[in-house]
Amino acid sequence: MNIIYHPSSKIFHLYNDSISYLMIILRNGHLGQLYFGKRIRDKEDFSYLLETCERPMTSCIYEDDKSFSLEHIRQEYPVFGTTDYRQPAVEILQENGSRISDFKYCSFCVTAGKPALNGLPATYTENDDEALTLCITLKDEVTSVHAELLYTIFAKGGILARSVRLFNNGTQPVHLRRAMSLCLDLPDCNYVWQQLSGCWARECHIHTRSLAPGIQAIGSMRGNSSHEHNPFLALKRPAADEHQGEAIGLSLIYSGCYRIQAETDAHDTVRLLAGIDPFTFDWKLDCKESFQTPEAVLVYTDRGLNHLSQTFHKLYQKRLARGYWRDRPRPILNNNWEATYFDFTEDRLIEIAAKAKECGVELFVLDDGWFGARNNDKAGLGDWKPNKDRLPNGITGLANRIEALGMKFGLWFEPEMTNKDSDFYRQRPDWILSAPQRTTSHGRNQYVLDFSRTEVVDAIYEQMASLFKEAKISYVKWDMNRSITECYSSAWPSDRQGEIYHRYILGVYDLYDRLTTEFPHILFESCASGGGRFDPGMLYYAPQGWVSDNSDAIERLKIQYGTSMCYPISSMGTHVSVSPNHQVFRCTPLHTRANVAYFGTFGYELDLNKLTAEETEEVKEQIRFMKQYRAILQFGTFYRLKSPFEQNEAAWMTVSADQKTALVGWYRILNCVNDRYTRLHLKGLNPDFLYRNSQTGMCHFGDELMYAGLITSDETAGQVPSDITPYTDFESRIYVLEVIPS
């Protein structure tokens, strides 16, 4: 990897073995974009890649040059109003009412490694030789606002991390009305846009469409990244697929209101912008103050969407997630929520936990209902002290009993919310977000605490930390079950109310950081009614998240398939739940529920006491299987093979680092009769290794399995005989392929 500046041509070249990124200092002092893509050889001058010509109806900067218009020049951090009519990356409201800026090049520096971003999650390095960071300083002369553009190129992979720091070195305060983390101007629009969208219980469904003139965007104005649109975007060439072709991925490491958009102009160039949502953002930048934008991560590949995803997986698994649990296989858990909801006693929980221990479960998790006056969802949030009517020995006593069974103990929290029927709210009713003289809306009978205020975060921290010090708690499920409304804080003046959405999420990050630092061995799992805040920002603090409240195996095929576009398997909370399922009331075979959940952190969301003896033995075997292979399932190289969005079958697989073991998940959604013969063309195997198929006992070389394919045909390819175990809807298999020892 290298970062080179060529003074004669005023060109920056960032490159490693995979990618090149080229920028140029323009004639007017702005920073221009020349190239982002596959690695090209360095040379002194690439300035010819900046094309200009005279166009009709164009506004130009120089009286003697009708070709130099910012409207038609690709830029790094563009402004509005000085001949560029496209959406800008930055907008600054000044005291005289002007929103015009003119950021010109000042200087640059290159440092080894990667600096941390103050108060924000971001990718990181552990050694200086892992990355280089370029900082380019721009200055607006009128306001004396400086912009530091940060570019980190990693030694390996087509990865570029981007963010911006803005400093007010002037004599008057200004308001940042827009401060995007990234702008990437692309020279053509021949891309297919791919996003992950949905809603509660059907998150991260893949939606695609070609780029077209105008603006296409995803985002959130909810205060959380949302179930509706995940902060991830892929732009792929029309001919690209999972296994070949060019693609660009963009992921925003942020958990609050955001916007990612592509603007295609009349000349088919594309401006890609990503950052904090401008509509919900207005940050007063006083003299000598600074503002740091969240980090955006760009990934380029010419090897298809699978490789794009694998690049994100490795980066986020090893250089975004942190701490004790980053590299460790996750414990198999049993959560009581769908087994009991609010109807439990301490002895009932021990009964469930004892059966789970018998089956091989390692962690028992007590979900909602253990605290305050929490007999339903209308009371208790904010009172993080055990309900002695249900738990006479408190959390400490219950945790000790669970530990005595030989299991670890985990606990549910929803620290960002309160109920009006709680001691916490009654003592400080002004500690919620609410607008003066306006109705205060609720969601699920709860109200959002004002995490823009340090004293509110401190109060929640004290309650949680006290419990962590007192009881043997090994796991925390951190839930967040409503979006923000009436985003107003009584603690801040009127000219800073536009900061509250962002300050809120900074408060969440602060609480996470304090708790994970003080209690590093606790495994935190983020949750927001499932996938409402499943984003890279959360992965920095909690190495896994609850993907969706929908635990139905067939629905999870789409949800987990889509989520894998950006997020590693080790980050996905996946459980086996009861049948009929509690969300869609579908009856699904027990083995299929497990075969889907294996590709994640794995656990059970039911009372194992209610299973038959035969089902109990099946669960025990599932747990034995998961323990044997979970390191490969969670940390191997993951490949998508067949999309559940396109056909009746779905398939994926994971391969160990040494390529000696592969696990293939195959799923048929609806049963068939007199069907075709089917094969799976596997990926990632060593063509010279001889693999034994656990399903058939047959041995095949890797090249045969990848090019001729793995046969998945069964008796449904014809008339199913009546003397065999009947096939049903929602069938699945796991193929274990292991190298035959020489």
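I count a charge as sitting over a ring if CZ of Arg is within 6 Å of the ring centre and within 35 degrees of the ring normal. The model I am reading is a predicted one.

**Arginines over rings**

I looked up R556 with that rule in hand. R556 lies over the face of W546, and the distance from the ring centre is 4.8 Å. I then turned to R328. That residue lies over the face of Y324, at 3.7 Å from the ring centre.

**Aromatic pairs**

I describe a pair of aromatic rings by the distance of the centres and the angle of the planes. How many aromatic pairs does the count come to? It comes to 45. I opened one of them, Y540 with Y541, which is edge-to-face. The centres are 4.9 Å apart, with 85 degrees between the planes. Y540 has a relative accessible area of 15%, so I list Y540 as buried. Y541 is buried too, at 7%.

Next I took Y598 and F602, which form a stacked pair. Here I read 5.2 Å centre to centre and 25 degrees between the planes. The angle falls under 30 degrees, so the label is stacked. Y598 is at 5% relative accessibility and counts as buried. F602 is at 0% and also counts as buried.

**Helix α6**

I moved on to α6, residues 454–470.

I noted the buried residues of α6, among them V456, I460, Y461, M464 and F468. What covers them? The cover includes the helices α4 (394–404), α5 (423–427) and α7 (500–518). It also includes the strands β23 (408–413), β26 (475–478) and β27 (523–526).

Q463 sits in this helix. Is Q463 buried or exposed? Its relative accessibility is 18%, and the cut-off for buried is under 20%, so Q463 counts as buried. Leaving aside neighbours within four places in sequence, I find Q463 in contact with G382, D383, W384 and F424.

**The sheet**

I traced an open sheet of nine strands with parallel pairing. The order is β29-β28-β27-β26-β23-β22-β21-β31-β30. Which strands stand at the edges? They are β29 (572–573) and β30 (576–577). Each has a single partner strand, so one side of each is left without a neighbour in the sheet.

Within the sheet I checked β21 (residues 333–335) against β22 (residues 363–366). The two run parallel and are joined by three bridges. N335 stands opposite V365 in β22.

Technical notes:
Residues are numbered from 1 along each chain as its sequence is written. This is a predicted model: local features need pLDDT of at least 70, side-chain atom pairs count only at pLDDT 80 or more; totals for chains, interfaces and linings use all residues. Side-chain values use heavy atoms; hydrogens and water are left out. Rings of Phe, Tyr and Trp (its six-membered ring) pair if their centres lie within 6.5 Å; planes under 30 degrees apart count as stacked, over 60 as edge-to-face and the rest as tilted. Buried means under 20% relative accessible area, exposed over 50%, partly exposed in between (1.4 Å probe, protein chains only). Helices (H or I, at least four residues) and strands (E, at least two) are DSSP runs, numbered from the N terminus. Contact means heavy atoms within 4.5 Å. Two strands pair if DSSP finds at least two bridges between them.
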